[in-house]
Amino acid sequence: MRVCVITDNRMIHENFRRLIAQPRYQDTVFDFFCSKNSRCDNENLRRQGELPEASVSLKEAGEEFFGRYDLFLSLHCKQMFPAELVNSRRCVNIHPGYNPYNRGWYPQVFSILNKLPVGVTIHEMDEKLDHGPIIVRREVPVHDWDTSYDVYNRIQQMEIQLLEEYLPVLLSGDYQTFVPDSPGNMNQEKDFQELCCLDLDQKVTWREAIDLLRATTFNGYRNAYFYDRDHNKIYIEVHLEH
């Protein structure tokens, strides 16, 4: 069996390689790619082994590439799988969200704000974003002292756990799927960018203000900001201690 693994996430890439080093997977060939021309397609990261050395654009690839593989795995892949791929091959997505809620970009951010469940979903892919029959989903808790970074780390640990549990049946195809009762909702990157631009004259409760700041606080990134009277751009984040 030959599997195409596309990942743009360093932690998931590292842990998945460790997982498939087990003897039980020695008869399966895994080819690793990151997304071509994305922000994750970083030559230094690829050279250091933190991301796959090869990159691919599925939109540009064709049947010659698709036909090499029995299964496609998307592990935090930053590109849409084209219709000709998802309709002709078994494609499975490991999504850092609890489908069907807050599909799309940054599920943990919007779950902090709208209080919808967040977690991990493994599902077969169709032509829609983060959509398709669900193989398994598992919720993670969100505490009042969590930032987006805290919830995201909890999600990643759950992703690794579910991959360890479900990889054998993902490879064999011996699993049942279900379709959720609700159509859910979806967020785009522009929705997150709009959250980050703070209107200092907007009237909100303290709870709403704190939720917004913790939802946009992610270590290593400057997200939420406002403009002062002199039109200086000021970035803001929050520190919460339980």
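Begin with the whole chain in view: this predicted model contains eight helices and 11 strands. The C-alpha atoms occupy a box of roughly 60 × 40 × 35 Å along the principal axes. For 242 residues, a compact globule would have a radius of gyration near 18 Å, and the 19 Å of the chain agrees with that. Next, display the surface, whose accessible area is about 13,400 Å², with 46% belonging to carbon and sulfur atoms. If contacts are drawn for pairs with a separation of 6 or more, 65% of them join residues 24 or more positions apart.

Now select helix H1, residues 10-19. Which of its residues are buried? They are Ile-12, His-13, Phe-16 and Leu-19. Look down the axis of H1: these buried residues fall within an arc of 125 degrees, so they line one face of the helix. Then move to the N-terminal end of H1, which is capped by Asn-9. A side-chain oxygen of Asn-9 lies 3.1 Å from the backbone nitrogen of Met-11.

Finally, select Cys-4 and Cys-77. How many disulfides does the structure hold? The number is zero. The sulfur of Cys-4 has its closest cysteine sulfur in Cys-77, 8.8 Å away, which is too far for a bond, because a disulfide requires sulfur atoms within 2.5 Å. Cys-4 is buried, with a relative accessible area of 0%. Cys-77 also counts as buried, at 15% relative accessibility.

Note on methods:
Residues are numbered from 1 along each chain as its sequence is written. This is a predicted model: local features need pLDDT of at least 70, side-chain atom pairs count only at pLDDT 80 or more; totals for chains, interfaces and linings use all residues. Side-chain values use heavy atoms; hydrogens and water are left out. Buried means under 20% relative accessible area, exposed over 50%, partly exposed in between (1.4 Å probe, protein chains only). Helices (H or I, at least four residues) and strands (E, at least two) are DSSP runs, numbered from the N terminus. The arc is that of the directions from the helix axis to the C-beta atoms. A polar contact is a pair of N or O atoms within 3.5 Å; within protein, one must be able to donate a hydrogen and the other to accept it, and residues adjacent in sequence count only if both atoms are side-chain atoms. The radius of gyration is taken over C-alpha atoms; the globule rule is 2.2 Å times the number of residues to the power 0.38. Contact means heavy atoms within 4.5 Å. Accessible areas come from the Shrake-Rupley method with a 1.4 Å probe; for residues, only the protein chains shown count as cover.
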